[in-house]
Amino acid sequence: MDEQQGNQPTPPTEPTPTPPRPEDLEISQVNASAGLVEDTSRETETNPNPTIFMAPSHRNRNLLIAAIALVLLIAIGMALWMLLKPATKESAVSKPDTSKTDASQVAVTKVPKATAESVTTTVHSSLDKDMKSTYPTLAITASDKDSTPPANGPSYKVTGANYYVASSDAYTLNIDKSSKPSANIDTEFTKAIIAKIEPILLTNGYAKTDSLNSFTEYQSDNTICTVTTFSAEPITLSCSDKATYKVASDTILPFADAYIIGNGTANDATNQVFSMPDVKNSATAGYKTASINLSSRDGFGGAAYLFYQKGSDKWQFFTGTQSILPCTDYKTLDQRAAFSSDQCGGNGDVITTVQAYYKLKS
């Protein structure tokens, strides 16, 4: 038994692990803090089942990488924000504010103020373009202040005046169905022309302000136009700028005052249209005479009205006439002196002069 027991093989004994030396622990700690991984290959050779663990250096490195990535993302975000910020600001500035009315924007879309010249030019072009297909023989004659004869403008009452004046600074269009118009009025043609003209005026800032027997009046802030009615041919469009009437109205004022005083009523001139005066020096030294055409607003009537002035005195109204006056109509010495060279009808309808009739000294 003892032999058998003595012959049995002795089981291998587990090697007792050697405790780490202090110098080895110091080296491991230094390696860990430096982020180095200890070589465990020897341990694997001696220990078939080594304990697997992540070294503290691995965790520190991952945290460092995550921190760097976060910083990079923040930096990229800031760069993109700085890049896009100016564009956003610019677009906000350039974007129109629809909550407020901008005067410059309104001015761009507003119809420009038409002048007398521009509106007649626009009408002329439109008629040429749109009406000649229907009326191939359409004839349009344009005239202005430099034409022969010059254009006649609409009558207009300047603010503060109680009389109308006409303007020779005008632009007109005479519109015929043909250059050789018939004696008969084609109302279908005249109505078609008026129907074409009116919308052009209205879209250019004009409003219908009066309607008389012979014409319809349209006014804008700075211009006045009249269009003759369909019962007359040719159709006439006449326009003048209101600013041109101020000089005429101021010139007419002393004659309008004289006319009102001479007729004994302040209402006589209300609907009268005064033309510009034709002023001349009298044959008698120190006197002047003037002739003015007066007519009603609708163009009916009309006559030459005579005025005279002695020295620097106020103008005096004499009379209105459409023919040679009888010599006996010159009643006062000033009238005879001012119109001394005018013809008049003497005894037996003999034509003579005021000077000869009254035997005035020259």
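This is a predicted model: local features need pLDDT of at least 70, side-chain atom pairs count only at pLDDT 80 or more; totals for chains, interfaces and linings use all residues.

Biologist: How should I read a pair of aromatic rings, and what kind of pair do Y163 and F274 form?

Modeller: In general, a pair of aromatic rings is described by the distance of the centres and the angle of the planes. The structure holds 15 aromatic pairs, and one of them is formed by Y163 and F274, whose centres lie 5.9 Å apart with 70° between the planes, an edge-to-face arrangement.

Biologist: Where in the chain do the two partners of that pair sit?

Modeller: The pair links distant parts of the chain, since Y163 belongs to the loop between strand 2 and strand 3 (164-166), while F274 belongs to strand 9 (residues 272-274), 111 residues apart. Y163 has a relative accessible area of 3% and is therefore buried, and F274, at 0% relative accessibility, counts as buried too. For Y330 and F339, the ring centres are 6.1 Å apart and the planes stand at 55°, so that pair is tilted.

Biologist: Which residues make up the aromatic cluster that includes Y163?

Modeller: One aromatic cluster is formed by Y163, F255, Y259, F274, Y305, F307, W315 and F317.

Biologist: Which charged residue lies over the face of F230?

Modeller: That residue is K191, which lies over the face of the F230 ring at 4.9 Å from the ring centre.

Biologist: Turning to the backbone, what should I expect of phi and of peptide bonds in general?

Modeller: Most residues other than glycine have a negative phi, and most peptide bonds are trans. Against that background, K359 has a positive phi of about 55° although it is not a glycine. K359 is found in the segment after helix 10 (354-357).

Biologist: Is K359 buried or exposed?

Modeller: With a relative accessible area of 72%, K359 is above the 50% cut-off and is therefore exposed.

Biologist: Which residues does a cis peptide bond join, with omega about -5°, and where is P149 found?

Modeller: That cis bond joins T148 and P149, with omega about -5°, and P149 is found in the loop between strand 1 (139-143) and strand 2 (155-156). The peptide bond from E233 to P234 is also cis, with omega near 10°, and P234 has its place in the loop between strand 7 (223-228) and strand 8 (235-241).

Key: Residues are numbered from 1 along each chain as its sequence is written. Side-chain values use heavy atoms; hydrogens and water are left out. Helices (H or I, at least four residues) and strands (E, at least two) are DSSP runs, numbered from the N terminus. Buried means under 20% relative accessible area, exposed over 50%, partly exposed in between (1.4 Å probe, protein chains only). Rings of Phe, Tyr and Trp (its six-membered ring) pair if their centres lie within 6.5 Å; planes under 30 degrees apart count as stacked, over 60 as edge-to-face and the rest as tilted. A charge sits over a ring if NZ of Lys or CZ of Arg is within 6 Å of the ring centre and within 35 degrees of the ring normal.
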